[in-house]
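Please look through the sequence and the structure shown here, and then read the report on the chain as a whole and on one pair of packed helices.

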Amino acid sequence: MRTEAQAVVIGGGVIGCSILYHLTKLGWSDVVLLERDELTSGSTWHAAANIHGLHDSTNISRIQHYTMNLYKELEAETGQGCGVFQPGSLYLAQTEEREHQLKLQAAKAKLYGMNFYEISIEEAQKLNPLVNYDGIRCVMFEPDGGNVDPSGVTQAYATGARQRGAEIHRFTPVTGTDQQEDGSWIVRTPKGDIHTQWVVNAAGLWGREVAALAGFELPLQPTEHQYFVTEAMSDVETHGTRLPSVSDRDGEYYLRQEGNGLLVGAYEKDMKFWAEEGTPLDFAHDLFPDDLERIEDNMMNAIERLPAVGEAGIKRVINGPMIWSPDANVLFGPVPELDGYFCCNGIIPGFSQSGGMGLMAAQWMIEGETQYDMFAWDMARFDSWATKEFTKARVQDQYAHRFAIHFPNEERSAGRPARVRPIYETQKDMGAVFGLNGGWEHPLWFADAPGVSDTNGFTRQNWWGPVGEECKMLRDCAGIIDISNFAKYVCKGAGASDWLNAVFANNMPKAIGRSCLTPLISKRGGIAGDFTVTLVAEDEFWIIGSGVAERYHKRFFKQVPLPAGTTFESQTEAMCGFNVAGPKSRDLLQRLTNTSLATEDFPFMRSKMITLAGVELLALRVSFTGDLGWELHCKAEDQATLYAALLEAGKDFEAGPVGSRALMSMRVEKGYGSWSREYSPEYYPQEVGLDRLCKLEKDFLNKDAAIAVMNKPAREQLVLLHLHEANVTASNADATGGEPIFKDGNGIGRVTSGAYGYTVGMSLALGFVKGAQAGDEVEVMVLGQPHKATILAQPPFDAKGERLRA
């Protein structure tokens with residue numbers, strides 16, 4: 001066994017073997033995989049191993065399509081069969097909402113050149129005559145859908161990795177992972193130790209235990225999961241060709257051919273946790289006792305849709321473990337607090353994602369970043385607030401609603417609240433409807449009475465009207481927005497300016513009270529983040545960024561060593577904030593402070609430490625609404641006092657609380673981008689209008705990459721679109737993000753944010769396009785249907801910034 005390796009992968013399931021294979025494919029041969037038992041032990045060996053390409057997330061769809069196309073290449077390369085069956089998959093819609101979802105996915109498939117399209121009921125009947133199509137609104141067909149052999153795929157990855165020089169050691173449990181002073185690791189086993197630069201935790205059911213060896217916790221929880229296989233059926237035997245699988249998610253089961261029978265699986269409401277206190281170390285190729293009563297309702301749905309299932313005997317039942325994250329997505333990426341430790345844990349559709357997941361992992365370790373923005377998978381989306389209790393509650397909800405539609409703007413209540421601010425109860429009593437943002441409860445909108453919750457759907461919902469009233473109140477008078485969910489940092493010391501200049505692309509402010517906007521550049525030259533930096537005192541800076549990305553951004557900040565005597569600390573928990581904005585915001589705030597807020601004394605993009613309503617705070621003259629306004633940042637213990645004073649003073653100005661849904665509408669009216677939507681590592685600075693903030697005359701993090709991409713022509717451009725009223729009124733729906741954009745029948749881009757602009761009377765969308773310009777008419781595929789739209793030359797609200805600077 002090697003004693004030195006570039007990477008050590010822990011776990012010999014399909015994911016661990018894929019990562020090992022892709023590390024070798026991208027050029028690393030000094031890599032080792034350690035498996036405590038036999039390859040495929042744990043969850044891999046008993047998986048149903050279905051494969052499908054479409055996902056609500058575009059980038060996950062790309063990864064799944066890569067995986068589906070890889071398996072036959074892998075067979076040819078290695079000589080190891082993967083047991084690939086691709087008779088296609090039928091996707092059934094019983095409800096209008098499911099029809100909307102499937103038609104939107106079909107539009108995305110057309111944009112990205114993926115094979116997924118609508119077929120008639122008659123065509124579907126010919127493909128799979130066992131299905132009862134009564135009540136089906138539409139059918140989509142994915143010709144490449146199907147299934148693979150779990151063992152064959154795993155062995156193929158392993159063979160391919162060995163052929164390129166990797167070592168695989170079975171029956172070699174890892175007993176320790178010890179980090180060294182230089183950031184490298186010693187991986188300890190009974191057969192000897194390995195010194196490595198990268199530890200890869202792909203330990204499946206034992207991901208929690210392996211993480212604990214390195215001193216950290218992962219929010220994971222295993223459950224039981226069942227499927228059964230019927231006896232051979234004459235209708236299957238005589239069909240002549242392999243039947244396409246059936247995805248009837250409204251029926252809450254999945255079904256495909258297995259031999260001459262059918263395999264039927266379910267995610268039941270009466271789910272069952274397993275190994276809550278830890279996965280047994282002696283568990284390997286084990287199963288649980290059958291418990292079909294728990295999935296009886298799902299079975300009856302399957303029998304109603306395919307009556308032949310009810311006439312067949314059951315040949316075998318598989319009841320085995322799966323391990324879940326709180327949102328059912330993988331926990332993926334380097335641990336921000338540890339050098340050289342990579343996680344890939346909590347994978348559910350492993351055989352649809354294994355290839356892409358392995359490729360992304362190898363890219364991140366070898367090249368420093370993935371080619372796609374994978375924040376939806378990034379383990380940094382969770383932090384210590386994702387406790388065991390939170391994780392269990394979310395996993396229970398995710399399992400029981402596995403096939404439920406994830407609607408735009410949907411907020412699920414399971415496991416909440418996880419973190420609250422001092423005014424949480426006050427806001428709740430005021431009718432606040434909350435969302436989850438970086439673990440925090442955050443007001444989305446304010447209902448007329450406490451206890452109201454969102455309705456969900458692709459069309460306009462119960463919050464659409466109240467959010468409009470909030471927008472109009474702010475634009476006409478003033479509004480008070482809780483912005484405590486923003487990430488906040490303080491950098492102090494003689495080296496603070498130099499360090500921040502070395503991290504961020506823009507020049508840092510030199511005069512006290514000045515602020516700047518600045519990008520953070522990613523390894524490939526894209527936008528890793530956008531921040532507001534303010535010099536508040538000599539050698540003291542305040543930095544404000546995206547709250548949900550705070551842990552993600554740790555990876556970038558720690559790449560530049562802090563000078564001696566300089567500190568950089570998060571103040572997100574210790575500080576709260578409000579944005580008071582609107583034409584009457586100055587008058588409202590002036591009533592509460594002796595500091596002059598007149599433009600000549602407090603201009604746009606300036607800051608001061610002031611006392612307001614008896615509370616000492618940092619006031620920044622900036623507003624994400626695009627209107628006149630101030631951000632007010634105070635200590636958490638002063639939040640309630642400040643809020644009460646703002647609300648009381650606001651009464652005389654017809655001002656009141658405003659939620660983040662209204663903020664979304666107003667920033668789209670202004671054409672402002674937002675991180676993880678318009679700003680991401682996939683987009684070059686010149687494509688999002690941030691190139692002017694990249695000061696190439698100085699050195700900063702990933703400057704060479706920024707220069708390289710900025711020397712290239714923009715691949716596409718961020719634009720603002722106006723969706724024509726006739727289509728929007730007919731569908732009662734606005735764009736929300738992800739909708740494809742077509743021009744003359746050709747795909748030219750996609751929406752990143754969408755909202756109704758209540759104060760400009762327009763349905764709006766931000767998005768990226770190529771081959772189009774201001775004034776052009778295009779089609780936005782809202783609900784998967786074409787909605788005519790015009791690319792705007794300028795934002796419809798305050799295009800010259802006169803109100804912003806008033």
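This is a predicted model: local features need pLDDT of at least 70, side-chain atom pairs count only at pLDDT 80 or more; totals for chains, interfaces and linings use all residues.

Residues are numbered from 1 along each chain as its sequence is written, and side-chain values use heavy atoms, with hydrogens and water left out.

The chain contains 20 helices and 37 strands, which are DSSP runs (H or I, at least four residues, for helices; E, at least two, for strands) numbered from the N terminus. Its radius of gyration is close to the value from the globule rule, so the chain is as compact as a globular protein of that length; the radius is taken over C-alpha atoms, and the rule is 2.2 Å times the number of residues to the power 0.38.

| Quantity | Value |
|---|---|
| Radius of gyration of the chain | 27 Å |

Helix α1 (residues 14-25) packs with helix α2 (residues 58-78) at an angle of about 75°, and their axes, which are lines fitted to C-alpha atoms over the stretch in contact, lie 14 Å apart. That makes α1 roughly perpendicular to α2, a term for angles of 65 to 115 degrees. Tyr 21, His 22 and Lys 25 of α1 make the contact with Tyr 66, Leu 70, Leu 74 and Glu 77 of α2, contact meaning heavy atoms within 4.5 Å.

Technical notes
Axes are lines fitted to C-alpha atoms, for helices over the stretch in contact, and angles run from 0 to 180 degrees between N-to-C directions. Angles under 35 degrees count as roughly parallel, over 145 as roughly antiparallel, 65 to 115 as roughly perpendicular and the rest as oblique.
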